[in-house]
Amino acid sequence: MWAQARAPAPHPRNPSLTRGPRGCGAGGPQRGRDGAWPWLFVLPLLSGIVVFYLWPIVQTFYFSFTEWGVFGGSTWTGLQNYTRLITDPDLYRSIGNTLIYTVIVLLGVPVAIYIASLLNTPRLRFASFYRVLFFLPYIAMPTAVAMVWRMIFNGDFGILNYVLARVGIDGPYWTSTPGFAIVAVAIVGLWSSLGFAIIVLGAGLKTIPPELFEAAELDGASPWRRFTSITVPLLTPSIFFVVIVTVIACFQVFDLLYAILGSTNVALPKSMTLVYFFYQEGFVNNQKGYASAIAMAIFLVIGLATLAQFRLQKRWVNSD
Amino acid sequence: MTDRTVSPAPRAHRGSTRGGSHVVAHLVLSVGGFLMMFPFLWQIIMSLSTNAEVQSVVPHLWPAAIQWHNYAAVFDRLSFLPQLRTSVVITLIRVGAQVLLCTLAGYAFARMRFRGRGVLLGVTLSILMVPSQAFLISQYQIVQGLGWLDTVAGIVAPGLFSAFGTFLMRTAFLNMPLELEEAAQLDGASPVRVFWSIMLPLARPTISVLVITSSLWSWNELLWPLVVSTRQEAMPLPAGIATLVSNLDTDYPVVMAASMLAMAPILILFVLLQRRVIDGLAPSGLK
């Protein structure tokens, strides 16, 4: 569900989740009246959810304990995939690359806070025009923008290395040098996710009463002071939301890596992310049992990371 | 946009600091905006250049002669048209199916009483917690078993059903007033009629959010279409573009033109609808 992960996920503390429907309790005057109608409404969706989501997760879990033959057929191998996985250097390398990618993309969050607060300046002209400029990379097709970034990063004729050379830096072969390749992909990730963060944070900023800023200004607070003492503390719920959604999306990065590096890249084995590792084993090496175990590991890693963030949330998020 | 609706501050407040901060804001936003737009501008320039210009060590900031034929080559030499058709078809089908199925189920989960409602809702929403890779291999098996590899049916099938969309629509229906619905029920309207004539029109703003998020996802998604389609002609655009470089070797301007054309439809559509898109993508549940 990446585009769905990239698309807004429900707010973790959305009040409407806990607000029950009025008059829908059991024993109401209309009890029993709905009869078979509800099933007509939910069954089309539910049948698809069962066939394409519930059953697949059960089946993938089962696959993770099997090994697949070259010509089809699978045998139960117990925990073998998992013992292989925890001793596979590719797992740790891909987790490491995923973390590097995530940290670099998260560097965009402070930038997004600053840009969103500038866009929120009262009576700023062209604000909606600027907003579109920052927003477009977010909706652009990742594989298509990857093609341009490949050219920008090109080690021989890319404009990035040309600019770097002008200031005396000898740029590397960005996309084919292990170590640099994941950084290059992460720069594109930062560029493309900035717009989402700006939009969400902008919506959060609108909930801060402007009088607060005006009062602080009258008291002689500098713009920087207003930013650190009003904007950032009152924005922490939105910041938290952006961080959660960004981390989940980063942990599932695939498109950009696949399209920027290309499948024949020499740096690829050392630059794989978790989901690329999954794709590689499952659909290139055709080891679907092993890939199922990797999928379970991804599930676990994302779950743990999200849980950890909700734990830490209490330390820094203003909830009132 | 909102800036204009904020009531003007008293004149006394409009000191030099505020004018000064606007200069800084315009400076930062225009430089930042240019950096954000640079890859697109550079792409357009490269798509209109010759291959020699693109590969020259000293960059050509503008082609000596504009090479429109690079765009013609996209249609002549690549499987671009079939891929574009696939992309349009899968996006229309998935968006249509998601709107229909998610509004129906979301309405039932929000407003109807039936046995097992809580459990079924909980199970549906729990899917939101699971990364898509955990379904993928089994989904592939199912689609392969049905003989749907390399077909539109195979690409669209799992994406017809959306737990996120169901959550979104249920929330929308929960927050609507009960009165209209009750009045219609007293008049003897059937649940289908109440849903279709009263509740669905009221849900239009949330439906547009669902249309925006699902079309964006459907148009741009790579991993699933990539694993279920192997023939170039059967792929939608993202998979086609991603596998293009190896096939086309190094005719870079044509690659630039093809990727420009691939993302153009949704960019144009979203710029035209920008207010709706931006409001729709900023989660409304934020405090």
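Of the 287 residues in chain B of this predicted model, 59% are buried, that is, under 20% relative accessible area with a 1.4 Å probe and protein chains only. Chain B contains 17 helices and zero strands; helices are DSSP runs of H or I with at least four residues, strands are E runs of at least two, and numbering starts at the N terminus. Among contacts in chain B with a separation of 6 or more, 71% join residues 24 or more positions apart, a contact being heavy atoms within 4.5 Å.

Within chain B, helix H10 (residues 179-186) and helix H11 (residues 191-202) cross at roughly 170°, and their axes come within 10 Å. H10(B) and H11(B) are therefore roughly antiparallel (angles over 145 degrees). Here B:Leu180, B:Glu181, B:Ala184 and B:Gln185 of H10(B) meet B:Val194, B:Ile198, B:Met199 and B:Leu202 of H11(B).

The second pair links the two chains. Helix H3 (residues 37-63) of chain A packs against helix H7 (residues 133-145) of chain B at about 105°, with axes 7 Å apart. H3(A) and H7(B) are therefore roughly perpendicular (65 to 115 degrees). Residues taking part include A:Trp55 and A:Phe63 in H3(A), and B:Phe135 and B:Ile142 in H7(B).

Residues are numbered from 1 along each chain as its sequence is written, and chains are lettered from A in the order in which they are written. Local features need pLDDT of at least 70, whereas totals for chains use all residues.

Conventions
This is a predicted model: local features need pLDDT of at least 70, side-chain atom pairs count only at pLDDT 80 or more; totals for chains, interfaces and linings use all residues. Side-chain values use heavy atoms; hydrogens and water are left out. Axes are lines fitted to C-alpha atoms, for helices over the stretch in contact, and angles run from 0 to 180 degrees between N-to-C directions. Angles under 35 degrees count as roughly parallel, over 145 as roughly antiparallel, 65 to 115 as roughly perpendicular and the rest as oblique. Buried means under 20% relative accessible area, exposed over 50%, partly exposed in between (1.4 Å probe, protein chains only).
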